[in-house]
Amino acid sequence: MSAHCIAIDATGVLVQAKDKCRRGHFWVLVADRDHVLFRFTPHHNQDGPKAFLRGYKGYVQADASNVYEKLFRTEQVTEVGCWAHGRRKFFEAMTSDPQRATAAIGFIQKLYAIDKATRELPPSRRTEQRRMAAEPVLAAFRVWLETEDLLALPRSPIAAAIGYALNQWTALTRFLEDGRLRLDNNRSELELRREAVGRKNWLFVGSKDGAEWNATIVSLIASCALHGIEPWAYLRDVLILLRTWPPERVIELAPKSWKQTLENTDARQRLAATPWPRAPAAAPS
């Protein structure tokens with residue numbers, strides 16, 4: 001909840017039921033470079049994001065889905081848009097209107113080039129440099145969008161792409177405010193692939209409780225990957241420590257804190273006192 005920016009996305013999943021499978025949803029929240037959190041809800045509506053982020057103050061990066069309207073309207077969060085979604089819509093218009101689609105994608109590519117060129121700068125310096133370089137591109141792109149919006153065939157793919165960019169313009173240009181903000185929401189989409197790939201193998205979850213446990217375990221595994229921790233050994237040690245670990249210090253067991261926790265004499269002593277040998281663990285073949 002102290003993260004500077006949280007990226008959020010969702011995907012559907014089948015939940016086993018008596019007559020036929022119901023549809024639920026997995027959500028992912030990526031909090032800076034600290035945590036990857038998965039959550040499950042039976043429904044894909046506005047209540048989920050609002051509940052996950054109740055009380056959060058900061059930036060939230062998401063696509064333009066209406067499930068986030070209540071979150072942005074009632075919580076103290078600032079919406080950050082996704083240029084990858086905007087670019088995707090112009091790609092979809094390439095077959096029907098290649099000239100306009102190519103022009104729009106060209107503008108967006110310039111923004112990504114600027115973003116890449118300033119990536120290694122300190123945040124304050126990057127904010128200044130990226131803004132100076134990107135503002136003229138955005139100004140020209142906005143003029144182009146408004147002009148072509150009057151000329152594009154209504155309800156055509158290119159009109160939809162132009163409309164998306166204009167409607168989301170404030171959120172899409174939010175990255176100018178802070179050099180730490182990303183141009184797109186790709187990081188949450190990439191993390192969400194863990195559930196999407198898993199879903200192809202196990203097809204459905206056995207129950208709502210099963211989905212929630214799935215989200216808990218995948219949260220830990222994804223956060224391990226974020227911090228370069230081997231998840232098999234991590235889960236083994238955490239489950240050993242958890243039984244006697246002080247509840248008020250549970251955050252020390254999170255992947256973000258794990259390397260530091262293992263340097264703690266208390267943690268080493270607790271692990272050494274267990275009857276199970278701490279041989280280096282590896283994933284089963």
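**Close-up views of a predicted model**

**View 1. Ile 6 is set opposite Ala 31 of β2.** The structure shown is a predicted model. The pair belongs to the contact of β1 (residues 5-15) with β2 (residues 22-31), where 10 bridges link antiparallel strands. Another such pair is Val 13, whose bridge partner in β2 is Gly 24. Six residues separate β1 and β2, and the two strands form a hairpin.

**View 2. β2 also pairs with β3.** Seven bridges connect these strands, which again run antiparallel. Here Trp 27 faces its opposite number in β3, Arg 39. β2 and β3 form a hairpin too, with three residues between the strands. In this hairpin, Asp 32 adopts a positive phi near 50°. How much of β2 is buried? Eight of its 10 residues are, so the strand is largely enclosed by the rest of the structure.

**View 3. Five strands make an open sheet.** Their order is β3-β2-β1-β4-β5, and the pairing is mixed. Strands of a sheet pair through backbone hydrogen bonds, in parallel or antiparallel fashion. Which strands stand at the edges? They are β3 (35-41) and β5 (77-80). Each has a single partner strand, so one side of each lacks a neighbour in the sheet. From one strand to the next, the twist averages 30°.

**View 4. Helix α6 is mostly covered.** It spans residues 157-167, and eight of its 11 residues are buried. Among them are Ile 158, Ile 162, Tyr 164 and Leu 166. The buried set also includes Ala 159, Ala 161, Gly 163 and Ala 165. What do these buried residues pack against? Their partners are the helices α3 (83-92), α4 (98-117), α5 (123-151) and α7 (169-172).

**View 5. Leu 239, Leu 242, Val 250 and Ile 251 make a nonpolar surface patch.** The patch covers about 400 Å². Where does Val 250 lie? It sits in the loop between α10 (231-242) and α11 (255-262). Val 250 has a relative accessible area of 47%, so it counts as partly exposed. That value clears the cut-off for patch residues, which is over 30%.

How values were computed:
Residues numbered from 1 in each chain as written. Predicted model: local features only at pLDDT ≥ 70, side-chain atom pairs only at ≥ 80, totals over all residues. Heavy atoms only, no water. Patch = residues over 30% accessible without salt bridge, like charges linked within 9 Å, V, L, I, M, F, W, Y side chains within 5 Å. Areas by Shrake-Rupley, 256 points an atom, 1.4 Å probe, with all protein chains shown as cover. Salt bridge = Lys/Arg side-chain N within 4 Å of Asp/Glu carboxyl O. Helix = DSSP H or I, 4+ residues; strand = E, 2+ residues; numbered from the N terminus. Buried < 20%, exposed > 50% of the residue type's maximum accessible area, 1.4 Å probe, protein only. Pairing = 2+ DSSP bridges. Axes fitted to C-alpha atoms, helices over the stretch in contact; angles between N-to-C directions. Contact = heavy atoms within 4.5 Å.
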